[in-house]
Amino acid sequence: YLEAGTPAVDPRVTLLALADALRAFPERVAAVHLRLVPPETDRFTALATAYQNCGAYVEVPDGVVLAAPLQLVWMATPGAPAAVFPHTAIRLGAGARAVVVERHLGAGETFLAGVVEADLGPGARLDYVVVQQADEDAGLLVHRGARCAAGAAVAWLAAKPGGALARGSSGARLAGARAAAE
């Protein structure tokens, strides 16, 4: 869920639907999208990539430290069973700091298979928080991956109290000295 025309917390931050970002900034998005979590990672990643029907692009420039979290909400239309295949691509510039909150909402029988890819520049910090509040009949499978340059750090934090099945895998490629993941 992204409201059209809603300004980001900081005007220097780019927060767009992934489809819009692919049209507006194809080279910048291509540097992350489908590069850190390749479709062949596992069956659910392949499924999420093949049927991708929504997504978000977040870019925080060099040195920008966000004072408030950015929130992404994934939810199916209420009523009939549905499937959601979000793909999130994130780029943080050198020394940038951000908290991104990914929320999963929904009532009824929803299936969600998604991918999150984050590319962190030198000295950047990303705290990625997942709050999964889907109905007890929901199934959620998400693969998250990051590339951390020298001195960069990513923290994957998840709370998953809902859903019949909730599986998340998170990882990072540490691509420089003092890079870290937790």
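Which strands do the buried residues of α3 pack against? They pack against β7 (110–120) and β9 (139–148). Keep in mind as you explore that this is a predicted model.

## The chain as a whole

Let us step back for an overview. The chain has 182 residues, and 42% of them are buried. Its secondary structure consists of three helices and twelve strands.

## Helix α3 and its two faces

Helix α3 spans residues 43–50, and its buried members are Thr45, Ala48 and Thr49. Viewed down the axis of α3, these buried residues lie within an arc of 100°, so they line one face of the helix. An α-helix has 3.6 residues a turn, so residues three or four places apart point the same way.

What does the face turned away from the buried side carry? There you will find the exposed residues Arg43 and Ala50. At the start of α3, the backbone nitrogen of phenylalanine 44 has a side-chain oxygen of aspartate 42 within 3.2 Å.

## A closer look at threonine 45

Threonine 45 is part of helix α3. Is threonine 45 buried or exposed? Its relative accessibility is 1%, so threonine 45 counts as buried.

Which residues surround threonine 45, once those up to four places away in sequence are set aside? Threonine 45 touches Val37, Pro38 and Pro39, along with Val115 and His143.

In soluble globular proteins, nonpolar side chains tend to be buried together. Here, the largest nonpolar core holds 33 residues, and those with the most contacts inside it are Val60, Ile90, Leu92, Leu120, Leu126 and Tyr128. At least two residues of this core come from each of β2 (54–60), β3 (70–75), β5 (86–92), β6 (97–106), β7, β8 (125–134), β9 and β10 (153–159).

Apart from neighbours within four places in sequence, leucine 126 is in contact with Ile90, Leu92, Ala98, Val100, Ala118, Leu120, Ala153, Val154 and Ala155. There is also a second, separate core of six residues, among them Leu18, Ala21, Tyr57 and Ala89.

Key
Residues numbered from 1 in each chain as written. Predicted model: local features only at pLDDT ≥ 70, side-chain atom pairs only at ≥ 80, totals over all residues. Heavy atoms only, no water. Buried < 20%, exposed > 50% of the residue type's maximum accessible area, 1.4 Å probe, protein only. Helix = DSSP H or I, 4+ residues; strand = E, 2+ residues; numbered from the N terminus. Arc of directions from axis to C-beta. Contact = heavy atoms within 4.5 Å. Polar contact = N/O pair within 3.5 Å; in protein donor to acceptor, adjacent residues only side chain to side chain. Core = buried A, V, L, I, M, F, W, Y, C linked by side-chain atoms within 4.5 Å.
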